[in-house]
Amino acid sequence: MHGFANPARFLRIARWLTPLLLLCGIAVTAGALALGLLTFPPEWIQKDAVYIILVHVPPAWLGMAGWMAIAVASLVELVWRHPLAGIAARAAALPGAVFTAICLITGSLWGRPTWGAWWVWDLRLTSMLLLLFLYFGYMALAGAAQRDGGSGRVAAIFGMLGAINIPIIHYSVIWLNLQHQRPSLSMGNSAIDTVYLWPLLGAMVGFSLIFGGVVLLRMRAILADQQANARLRRKAMAGVGAGAAS
Amino acid sequence: MAAIKPKHQRLVLALIALAAILAAGALATWALRNQASYFYVPSEIVANPPDLDRAVRLGGMVEMGSIEMEADGVTIRFVVGDGTARVPVRFKGLAPSLFVEGSGVVAEGKLAKDGTFIADNLLARHDENYVPRELQDMTEHQKDAVISETVGAK
């Protein structure tokens, strides 16, 4: 476990893994979306609006998976004080927020033609909107710690506390009667005809690879930023020392 | 007694905290399931009718063959059912395009004295099943076979 927390080893792996994930992700996503656009028959009730599933379900999954990644990385950061865990959590926040926003936007565009409403305040939609605001809060806390030289522990605790929202998002549609339908996909079970299912699963894999690549990219950027700052600080100290000696 | 390593102490504390907040989230949703539901199903409305002047939402399936247009051309009547109970609904206005028989609907409005639900807004509701239109052209038997294959054991 500690082996992976070594920034030098991480950078060696991330250097080739980042472009690999991004390229595979873009290829798989493009293939899945093209397959969907070419092969989707109109759904029997919602007709062509069914295409939107390709850009709604994968971002929804990554918005939630992104926060679980933040929660787990925060746990590792708090318990083992791994330097990379906090960096991973911070790196996952922005793509997680972006995917949550995409999910909300495409969901709204889907709701208008299918339900007859852009938005309703049921618990599924409301808790997903809350997730977006939690991401904003987390980014503000982590950013403040970074700027002011704090420990980032407050952000890590916030990341763990915010995980309370994830089961609410997931189980709201199972336990409550909501405008949003129940999950179509669960472990080994699908209520989606195979003609829609395979392109959807492909898009979920593709979007997830892109997510992973972006997280690695951002982790490398944060590490590079820290190194540059440390170097500047050393230079400044050396300059002060030289000034005092003259 | 041997001292617990601070690392392990932090781990136990953090895991307890994580388990507690996930359980709290699940419990909160579970406890709120009556208040937090977006609509009542017909059997709830029938068993426990809301006050006549209270705005509520009624959700369920539009019964097959139940949609009727009244003589004025803008008022429609239909029946919402959930398998055990059925509630007649009257709605004046433009229904969403996906409002069809055999599909889900959420009606906002009030219950009238005679047990009819007077809706002032309708939302269509999609269920979790995604079925291609080709199935519509099959015989009932073929359709059932394909759908049960897709939906699987629920």
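What is the volume of the largest pocket? In this predicted model, the largest pocket has a volume of about 1,100 Å³. Its lining comprises 44 residues. Those that lie nearest the centre of the pocket are Val57(A), Ala60(A), Met64(A), Arg124(A) and Pro183(A). By residue class, the lining divides into 27 nonpolar, 15 polar and two charged residues.

Several elements of chain A each supply at least two residues of this lining. The helices concerned are H2 (57–80), H3 (83–114), H4 (123–148), H6 (165–175) and H7 (194–245) of chain A. Strands E1 (185–186) and E2 (189–190) of chain A likewise each supply at least two residues. The most is given by H3(A), with seven residues of the lining of the largest pocket.

Chain B was examined as a whole. Three helices and six strands make up its secondary structure elements, and along the sequence these follow the pattern α-α-β-β-β-β-β-β-α.

Chain B has 154 residues, of which 35% count as buried. The accessible surface of chain B comes to about 9,200 Å². Carbon and sulfur atoms account for 58% of that surface.

Technical notes:
Residues are numbered from 1 along each chain as its sequence is written. Chains are lettered from A and ligands numbered from 1 in the order in which they are written. This is a predicted model: local features need pLDDT of at least 70, side-chain atom pairs count only at pLDDT 80 or more; totals for chains, interfaces and linings use all residues. Side-chain values use heavy atoms; hydrogens and water are left out. On a 1 Å grid over the protein atoms alone, a cavity is a set of points where a 1.4 Å probe fits but cannot get out, and a pocket is an open set with protein on both sides within 12 Å along at least five of seven lines; lining residues have an atom within 4 Å of a point. Grid points are joined across faces, edges and corners, and a volume is the space filled by probe spheres set on the points. Helices (H or I, at least four residues) and strands (E, at least two) are DSSP runs, numbered from the N terminus. Ala, Val, Leu, Ile, Met, Phe, Trp, Tyr, Cys and Pro count as nonpolar, Asp, Glu, Lys and Arg as charged, and the others, Gly among them, as polar. Buried means under 20% relative accessible area, exposed over 50%, partly exposed in between (1.4 Å probe, protein chains only). Accessible areas come from the Shrake-Rupley method with a 1.4 Å probe; for residues, only the protein chains shown count as cover.
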